[in-house]
Amino acid sequence: MDKIIIEGGYELKGEVTVSGAKNAALPIMAAALLAEGTTRLENVPELKDIATIAGLLRHMGARVELWPGRAEIEVDQVDNPVAPYELVKTMRASVLVLGPLLARHGQAQVSLPGGCAIGPRPINLHLKALEAMGAKITLDHGYVNAETPDGLKGTEFFFDQPTVTGTENIMMAAVLAQGRTILRNAAKEPEVVDLAAVLNRMGAQISGAGGDVITIDGVTSLKATDYSIMPDRIEAGTFMVAAGITRGRVLIKGASPGCLTAVTKKLEQAGLVIEEKGPDLMVTGPERITSVDLKTKPYPGFPTDMQAQFMALMCLANGLSVVTETIFENRFMHVSELKRMGADIRLSGNTAIVTGVPFLSGAPVMATDLRASASLILGGLAAKGQTEVSRVYHIDRGYERIEQKLSALGARIRRIRA
Ligand code: EPU
């Protein structure tokens with residue numbers, strides 16, 4: 001297994017360009033199942049998760065071509081509407097094929113994802129909403145078997161809690177349903193808005209995406225379209241922390257500042273200087289990092305996907321910071337690894353109390369999930385001495401060429417291929 005080796009203590013300086021958003025590209029690639037013709041996507045990040053969903057679509061009978069930054073997907077027919085356990089267990093976002101398969105192809109068999117490193121992550125709300133639309137769902141041998149003997153029907157559905165992929169799945173199911181669907185307490189994440197934009201370009205009638213009520217008027221068919229995926233706000237946020245934690249100065253190009261307000265505010269409170277320059281952000285790290293409390297929230301609140309990275313920054317802050325995770329119950333796997341680097345963190349339920357230390361020291365650490373891995377790399381960039389991050393396949397799921405991008409900014413980072 002590959003390892004990433006970091007020699008810490010170098011200020012990051014220069015420019016870095018943000019890649020396309022993983023969490024927008026995944027549902028948008030699943031949306032290609034809904035359209036007649038060839039969907040052509042630009043700004044598609046080169047990531048393990050993108051290869052996984054491409055493999056899943058191919059497994060069903062789609063033609064998928066991937067080039068650096070581009071994808072082409074054509075789904076004439078679905079021979080095999082099955083998302084097998086082997087794929088779903090490596091990437092939960094595979095459940096995003098459920099809505100489109102039911103809507104256009106009338107049946108789907110999708111493995112239940114099961115637990116993962118950050119918590120149990122059920123899909124009960126996806127299933128409840130599909131049942132409300134008339135789908136017949138049974139659970140058998142670890143699989144969700146769903147069919148729509150009479151087609152899907154528009155409905156009014158209230159999500160007990162906002163769910164990003166749940167909202168996306170049901171939005172994709174509703175675009176080809178009969179009549180109007182109204183989704184209440186929908187997720188407001190920018191990736192939901194990006195998906196709605198593609199679907200509308202395909203001929204769907206969706207309004208309200210980005211707010212908590214989304215209205216979808218069903219149409220009879222969708223035509224494939226061209227689309228450029230939005231920038232990855234979490235990758236951008238991770239580079240902002242990288243600039244801050246190394247006391248560097250980095251221009252983050254294509255950072256989409258409008259989607260990063262909560263992150264920007266917290267980082268400014270921590271002492272980073274952040275200047276908006278059109279679509280770019282210039283981020284300068286402070287001499288002394290200030291401790292700030294943080295609570296993760298659904299968008300537009302502070303994203304859970306940035307909690308681990310922010311915690312790495314707080315490990316070096318001046319004072320005590322209380323970090324509360326409200327979205328996933330078990331998203332603190334990075335804590336014990338950061339502690340191995342000398343961090344002072346106490347856990348109590350869904351709260352981490354971080355007391356800043358003057359320095360971290362490089363150590364061998366293990367990545368446990370995507371964002372946890374990012375926090376270990378950030379810790380390693382700032383630490384004294386060498387950090388060796390193992391199980392980096394987690395980071396390859398969601399950060400495009402991270403070691404190349406960081407070394408272009410002056411980091412001493414390299415990958416050892418095993
Ligand atoms: N939930 C339920 N029932 C459901 C669905 C969700 O109880 O049917 C709960 C979850 O357990 C969680 C909360 O609702 O407590 C919110 O989860 P959500 O469904 O919004 O998460 P997700 O859609 O599975 C997406 C991202 C995650 C990101 C979360 C939260 C994609 C492909 N994944 O997951 O991204 O953390 O939203 O913003 O969009 C990552 O990129 O590292 C990542 C984990």
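The second largest cavity holds about 30 Å³ of space. By cavity I mean a set of points, on a 1 Å grid over the protein atoms alone, where a 1.4 Å probe fits but cannot get out; the points are joined across faces, edges and corners, and the volume is the space filled by probe spheres set on them. This is a predicted model, in which local features need pLDDT of at least 70, side-chain atom pairs count only at pLDDT 80 or more, and totals for chains, interfaces and linings use all residues. Residues are numbered from 1 along each chain as its sequence is written, and side-chain values use heavy atoms, with hydrogens and water left out.

Lining residues have an atom within 4 Å of a point. For the second largest cavity they are Ser19, Gly20, Pro45, Leu47, Asp232, Glu235, Gly398, Tyr399 and Glu400. This lining has three nonpolar, three polar and three charged residues, where Ala, Val, Leu, Ile, Met, Phe, Trp, Tyr, Cys and Pro count as nonpolar, Asp, Glu, Lys and Arg as charged, and the others, Gly among them, as polar.

Helices α8 (233-245), α12 and α14 (402-408) each supply at least two lining residues, with α12 giving the most, four. Helices here are DSSP runs of H or I of at least four residues and strands are E runs of at least two, numbered from the N terminus.

Just after α11, Gly342 takes a positive phi of about 100°.

Finally, the axes of α1 (22-31) and α2 (48-60) come within 10 Å and cross at roughly 5°; axes are lines fitted to C-alpha atoms over the stretch in contact, with angles from 0 to 180 degrees between N-to-C directions. The two helices are therefore roughly parallel, a term for angles under 35 degrees. Their contact (heavy atoms within 4.5 Å) involves Lys22, Ala25, Leu26, Met29 and Ala30 of α1 and Asp49, Ile50, Ile53, Ala54 and Leu57 of α2. Eight of these residues are nonpolar, none is polar and two are charged.

Methods. Parallel < 35°, antiparallel > 145°, perpendicular 65-115°, else oblique. 1 Å grid on protein atoms, 1.4 Å probe; cavity = no way out; pocket = protein on both sides within 12 Å on 5 of 7 lines; lining within 4 Å.
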